[in-house]
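Have the viewer open while you read.

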Amino acid sequence: MGVYPKVPHGIGLINRDQAQRGSKKPLSLNCHAGTTTLVLAASSQGLDKVSEDSQAFFAERALGSLHFKAIVMENLHHIVVVGGGAGGLELVTRLGNKLGKKHKARISLVDAGLTHVWKPLLHEVASGSLDASANEINYRAHARKHHYEFQLGRMSGLDRSAKEIVIAAFHDDEGNEVVPERRIPYDTLVIAVGSTANDFGTPGAQEHCLFLDSLRQARRFHNLMLNAFLRKNHEALQGKPHSLNISIIGAGATGVELAAELRLASRELPVYGMNHLKSSDVSISVIEAADRILPALPGRLSAAATRELQRQKVQVLTGQPVSEVRENSLVMKDGTELPSEMTIWAAGIKAPGFLADLDGLEANRGNQLMVEQTLKTTRDDHIFAFGDCAACPQPDSDRPVPPRAQAAHQQADTLFETLCNRLEGKEAVPFVYNDHGSLINFSKYTTVGNLMGNLSGRSMYIEGKVARLFYVSLYRMHQVALHGFVRTGVIWLMDKISRAMHPRLKLH
Ligand SMILES: Cc1cc2nc3c(=O)[nH]c(=O)nc-3n(C[C@H](O)[C@H](O)[C@H](O)COP(=O)(O)OP(=O)(O)OC[C@H]3O[C@@H](n4cnc5c(N)ncnc54)[C@H](O)[C@@H]3O)c2cc1C
C-alpha cells in the first residue's frame, strides 16, 4: 500500500452510497493524477486490510475492469476555499502544506480564473510599468507543489442542507459550453471571493468606464491606453488637435496611485518612439466626491499626496460627485461637463452580487457576508468568509475590518489556526485586525505613508525610500506566504535582472 496515484485517465470515483447501490456513475470526473486524494492498490492486494488501514472505501464494482483499483479517502474532512486571491491563496497554501501533505484533510481551491496576480499590482499592470506574466501564479502548478486540489470554476450558488457549492457552467471564448453546471461537496467551506468596484448605479458608468477588478480588465485598459497614445501621436504628426483627457473617478489609494503610474507612462512614451505626443498633451484628472483625496486616511497624508499629484501635473478635483458618465465626458453634480476620452472608475467597492442571496446566509447592503469575530458566518457553523467579501466586526470599533490586502493576509493566518483547531475539535481563534499603517506609492517618483507604532498606537509619517521599502515589503510578505523565503529571494533577484533588461514600460 501507500502507492500514490498515477491515475490512468478515465478512472471515475464513486462514493460509498453509490457503490453500495451498485451505481457505476462516477461522482467526480476530475480525478486526474494527483488532483484527488485517493490511494491506489493493485488488484492482488488485500482489500480488507487496505480498507481498515486507510478508512477508505474500495469502489470495486465500479472499477473492477480497470488495471488499478481506486479507494476514495472518504473519511477525510474536505475544506473547500472559494477564491484564490490575496487571502484565499495564502490560506490554501498553508492548509495544503500542513494538512493536505499529511493526508489529515482534503484541501480544495476553487477560482474563476486559472492564474493568480496579487490585486494591488493591477494599476501597475494597467499602466504597463509591471509585466503581469512575470508575477502570475498558475493555480494548477501551485496546487501540485503545495498539496491541495484546484478546480477552475465560478461559484454561483450554495446548497447548505446538502453541503455543496454550485459552480456555474464554464464556456469558452466562443460561448461554447466546456463544462456544465456542477456541484462540489464540502465539510467546511471558506468564501474569499473579494470585491468589485461599486459604481453606486451612476448612469453611464457600466457602459463607459473602465474598471480594475481583474487582470483581464487591467490588460484591457493597458491595450486601450497604448492605442489612445498611438492615435494621438499620429494626430499630432498630422498637425491635428491631439490632447488626451484621462479621468479617474475616486481618489482612494487605487485612484491616486493609478494617476501617478499614468503620468509616468505618458513621460516614457516619447523615449520609445512616440515622439510627437508630449506628456503635457495628456491631461490626467482625479475626481473625488469628498472634500479631500484619500478621505479614509489621515489629513497629513492626504495633503502630502495632493502636493505630489500637483507636482506631477495631475489635476485634483475634490468635493465633486460625478452624476453621469458619457462616452467622451463626465457630468458633475453641479452640471459642469468635463471632457474625458478614457474614464476609470475607482470609487468604492462591493462584494459580488451572488453573495446577497446565498441560501439564507446573512449579508449587508454591500453584499458582504456577515461574519463573527472568528470569521464564521453568522448563520452557518460550517461556513467561514474573509477578506473583502466579509464584514468582520472589530472589538472597540463600530466599523468592520477594512477591505485591504493586509487585512486579508492577517485573516488568512487566523483562519488557518482556526481550521487546524477545528479538525482537533478545539475552539476557533477570534480575529483582531492589526493596522500597520497605509502607504501610497507614486510610481518611481516617491512613496508617502504612515506607520502605526505597535506600543504607542500612534502613527508616524514617512516618505521617500524608507516608505517605498515598507510598501514593497507588503507584496514580498505575500510571496513569502506562497513560496517560502528562499524562492521569494530568488524571485526578487529575477525581478531585479528583468527590470535591468527590459524597457521600463510594457509596450504591447
Ligand atoms: C488596483 C488596486 C490596488 C490596491 N492596492 C492596495 C494596497 O496598496 N494595499 C492594500 O492593503 N490593499 C490594496 N488593494 C485592495 C486589495 O487588493 C484587496 O483588499 C485584497 O486583494 C482582498 O483580498 P481577497 O482575498 O479578499 O480578494 P481578492 O484578492 O480580490 O481575490 C478574490 C479571488 O476570488 C476569485 N473569485 C471572485 N469571484 C469568484 C467566484 N464567484 N467563484 C470563484 N472565484 C471567484 C477571483 O478570481 C480572485 O482570485 C488594492 C486593490 C486594487 C484593485
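## Around the ligand

A backbone N or O atom of Ala112 sits 3.2 Å from a nitrogen atom of the ligand. That's a polar contact, meaning a pair of N or O atoms within 3.5 Å; within protein, one must be able to donate a hydrogen and the other to accept it, and residues adjacent in sequence count only if both atoms are side-chain atoms. Before going on: this is a predicted model, where local features need pLDDT of at least 70 and side-chain atom pairs count only at pLDDT 80 or more, while totals for chains, interfaces and linings use all residues. Residues are numbered from 1 along each chain as its sequence is written, and side-chain values use heavy atoms, with hydrogens and water left out.

Here are the ligand contacts side by side:

| Residue | Protein atom | Ligand atom | Distance |
|---|---|---|---|
| Ala86 | backbone N or O | oxygen | 2.9 Å |
| Asp111 | polar side-chain atom | oxygen | 2.7 Å |
| Ala112 | backbone N or O | nitrogen | 3.2 Å |

On its own the ligand exposes 1000 Å², and the protein buries 87% of that (Shrake-Rupley areas with a 1.4 Å probe; for residues, only the protein chains shown count as cover). The shell around the ligand has 29 residues, with Gly87, Asp111, Met155, Asp388 and Ala405 coming nearest (near means a heavy atom within 4 Å). By type, the shell splits into 13 nonpolar, 11 polar and five charged residues. Helix α11 (residues 405-423) gives the most to this shell, three residues; helices (H or I, at least four residues) and strands (E, at least two) are DSSP runs numbered from the N terminus.

## The cores

Which residues touch the most other members of the largest nonpolar core? They're Leu91, Leu95, Leu158, Ile165, Leu189 and Ile191, out of 53 residues in that core. A core here is a set of buried Ala, Val, Leu, Ile, Met, Phe, Trp, Tyr and Cys residues joined through side-chain atoms within 4.5 Å. Buried means under 20% relative accessible area, exposed over 50%, partly exposed in between (1.4 Å probe, protein chains only). The largest share of this core, six residues, comes from α11. A second, separate core of 50 residues includes Ala132, Val314, Ile440 and Val448.

## Gln151 and the whole chain

Gln151 belongs to strand β8 (residues 149-152). Gln151 counts as buried because its relative accessibility is 13%. Its side chain makes a 3.4 Å polar contact with that of Arg182.

Zooming out, the protein chain has 13 helices and 30 strands, and 48% of its 508 residues count as buried.

Technical notes. Nonpolar A, V, L, I, M, F, W, Y, C, P; charged D, E, K, R; others polar.
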